[in-house]
Amino acid sequence: MKVKMILPALTEALSPFWRPIKYHLFPPLGLATIAAFFDETDDIDLQDEHVEVLNLNDEPDLVVIQVYITSAYRAYELADHYRHKGAYVVLGGLHVTALPQEAAHHADTIFLGPGEDTWPLFLQDFRAGHPAKTYQSKLRTLLGVPPIRRDLIKRYHYLIPNSIVVSRGCPHHCDFCYKDAFYQGGKSFYTQSVEDALTEIERLPGKHLYFLDDHLFGHAPFAAELFEGMKGMGRVWQAAATVESILQPDLLEKAAAAGLRSVFVGFETLDPHNLREQHKYHNLNRDYTTAIRRLQEYGVMVNGSFVYGMDSDDETVFDRTVEWAVAQGIETATFHILTPYPGTRLYERMAAQNRITDDNWDRYDTRHAVYRPVQMSVETLEQGYWRSYREFYRWSSIVRGAWTKEHLADRLRHLAYTGSWKKAEPIWDILIRFKQVNQLLPMLESVLTSFGHRLTAEDSKLLALSSRVSTAGD
Ligand code: B12
Ligand code: SF4
């Protein structure tokens, strides 16, 4: 059987003038995961439109498309194109699960939820000539799932070909998060066996890893055993974790000893009313400052994530948040406008309050206000969002952030790292144009290896280049 698998791109990633590096970071892991269920004789072409021009003149029997909210329109366009040519087209992923009726107009079959249980069933039915219209995932486990088809990933396109996911979902239930909508109808947090996770890590060449798990520290016994197993492997890696888990005794220590060098932390808001409103209880009454100090103590870079526009936010939230982040000496920060993704509790609440103002999914990119905020105008919210980036990465802020560090070496490192970050985008753009992004991976590895120790001037330059990677959650 001839199969075409596509990860469609959002418009921004297709611009011939400017291709942000973030679209060249991670390969399409979701599609490579379900591809593991095909037969050896199946002829599979996996294309990621973020990094390559799609070949649309082929004649596949089966077309498999992954749909995110911001690439939904493009996904539907591609689906229509292939159905018109007579191929059997299936759609799955987060946006299909959130809005199945919308997606069903463009597909022969749709998939709701993760694909590890439903995809093999579909393949059986498809080969037998009676595929169903809809498959809803119910059985949630990663045990016995065949190894991800990394051979289908064109590694040279990506700065971080070694991205890896060893769990699914998260134990928490924040109202704005995609997670509960996607995993409804079954477990919403589960992990691989530690043994399988370590085997997958061993398959990956080089030193660097990026765990894309929502919350790698989410199941403490699993995480502790995984980190113990990784000790001595000589890996350097990046991941996401909550404030609560960073404060937990022993886990961060184990992670750092196993090579953790940078962590994405969802601080989200400094206001407890906002945390309650979003049911982000695990951040309530947690000492953010202590968590940051702990990370800094272990030489782990902090990429702080902040969300603007919750109901207790007024026009002062931007300057207050940036000021706090700078004063904490956080190395990189990502800011987001609160976005009510369809299917989430946040969306339901806002829809019930008649506050959703925009249903153009292209604008659900966390950079546009698609709802009416309570205490400020849409313009104030969007301008404050952009101002936050400018203010956080302005030279005076960078110097102040650096000078929160006690030792001169740490100050210089922060200065070189965060300072050069501002200038790194044009360099990435050139590398992308010349398809050389992956050439920098060895440098990234050497920089992360040296992090936590005293850096040389050369290290600092490389670190500046690699810093874009730690802001991948943007
Ligand atoms: C890595 C990542 C990126 C990477 C690359 C994505 C990629 N190559 O796939 C980059 C940095 C480019 C990125 C960018 C953005 N991202 Co992003 N990203 C992620 C992240 C952290 C991990 C994705 C991943 O690899 N998961 C692991 C794999 C195994 O899971 P999976 O891809 O979901 O696939 C499984 C199922 O979905 C299903 N499945 C998927 N497709 C199909 C198809 C079929 C037929 C079947 C049967 C099953 C199936 O089966 C797979 C196995 O279970 C997720 C968070 C998350 N946990 O998903 C956010 C996330 C997907 N991103 C999000 C957003 C908002 C964005 C941006 C808009 C951010 C921005 N402000 O610019 C952009 C736009 C992306 C776009 N192209 O439209 C949201 C999506 C919300 C939504 N409802 O769609 C998420 C959920 C983050 C969040 N918590 O809000 N992102
Ligand atoms: S902690 Fe993060 S991943 Fe987990 S539910 Fe909340 S926002 Fe989602």
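Author: Leu209 stands opposite Trp237 in S11. The model is a predicted one. The chain goes from S10 through helix H8 (residues 220-230) to S11, a β-α-β crossover that is right-handed.

Reader: What makes S10 and S11 a pair?

Author: Two strands pair if there are at least two bridges between them. S10 and strand S11 (residues 236-241) are joined by 3 bridges and run parallel, so by the cut-off of at least two bridges they pair. Tyr210 has Gln238 in S11 as its bridge partner.

Reader: How do you know that S7 pairs with S10?

Author: The cut-off is again at least two bridges. Strand S7 (residues 163-164) has 2 bridges to S10, and the two run parallel. Here Ile164 is placed opposite Phe211 in S10.

Reader: Which strands form the open sheet, and in what order?

Author: The sheet has 6 strands in the order S7-S10-S11-S12-S13-S14, with parallel pairing. S7 and strand S14 (332-337) are at the edges because each has a single partner strand, so one side of each has no neighbour in the sheet.

Reader: Why is S10 said to be covered on both faces?

Author: A residue is buried if 20 or more other C-beta atoms lie within 10 Å of its own. In S10 (residues 208-211), His208 and Tyr210 on one side are buried, and Leu209 and Phe211 on the other are buried too. Both faces therefore hold buried residues.

Reader: What makes one side of H12 the buried side?

Author: In helix H12 (residues 288-297), the residues Ala291, Ile292, Leu295 and Gln296 are buried. They lie on the same side of H12 because they cover an arc of only 135° around the axis. An α-helix has 3.6 residues a turn, so residues three or four places apart point the same way.

Reader: What covers the buried residues of H12?

Author: The cover includes helix H9 (243-247), strand S12 (260-268), strand S13 (301-308) and helix H13 (317-328). Just after H12, Gly299 has a positive phi of about 70°.

Reader: What makes a residue part of the shell around ligand 2?

Author: The C-beta atom of the residue has to lie within 6 Å of the molecule. Among the residues around ligand 2 are Cys170, His172, His173, Cys174 and Asp214. By class this shell has 3 nonpolar, 5 polar and 2 charged residues.

Reader: How many residues are around ligand 1, and which come nearest?

Author: There are 39 residues around ligand 1, of which Gly30, Gln66, Gly92, Pro114 and Gly115 come nearest. H1 gives the largest share of the shell, 4 residues. By class the shell around ligand 1 has 23 nonpolar, 11 polar and 5 charged residues.

Reader: How many helices and strands are there in the protein?

Author: The protein has 19 helices and 14 strands. Of its 474 residues, 47% are buried.

Note on methods: Residues are numbered from 1 along each chain as its sequence is written. Chains are lettered from A and ligands numbered from 1 in the order in which they are written. This is a predicted model: local features need pLDDT of at least 70, side-chain atom pairs count only at pLDDT 80 or more; totals for chains, interfaces and linings use all residues. Ala, Val, Leu, Ile, Met, Phe, Trp, Tyr, Cys and Pro count as nonpolar, Asp, Glu, Lys and Arg as charged, and the others, Gly among them, as polar. A residue is buried if 20 or more other C-beta atoms lie within 10 Å of its own, exposed if 12 or fewer, and partly exposed in between; C-beta atoms are placed from the backbone. A crossover is right-handed if, with the strands pointing away from the viewer, the path from the first strand over the helix to the second runs clockwise. The arc is that of the directions from the helix axis to the C-beta atoms. Two residues are in contact if their C-beta atoms, placed from the backbone, lie within 7 Å.
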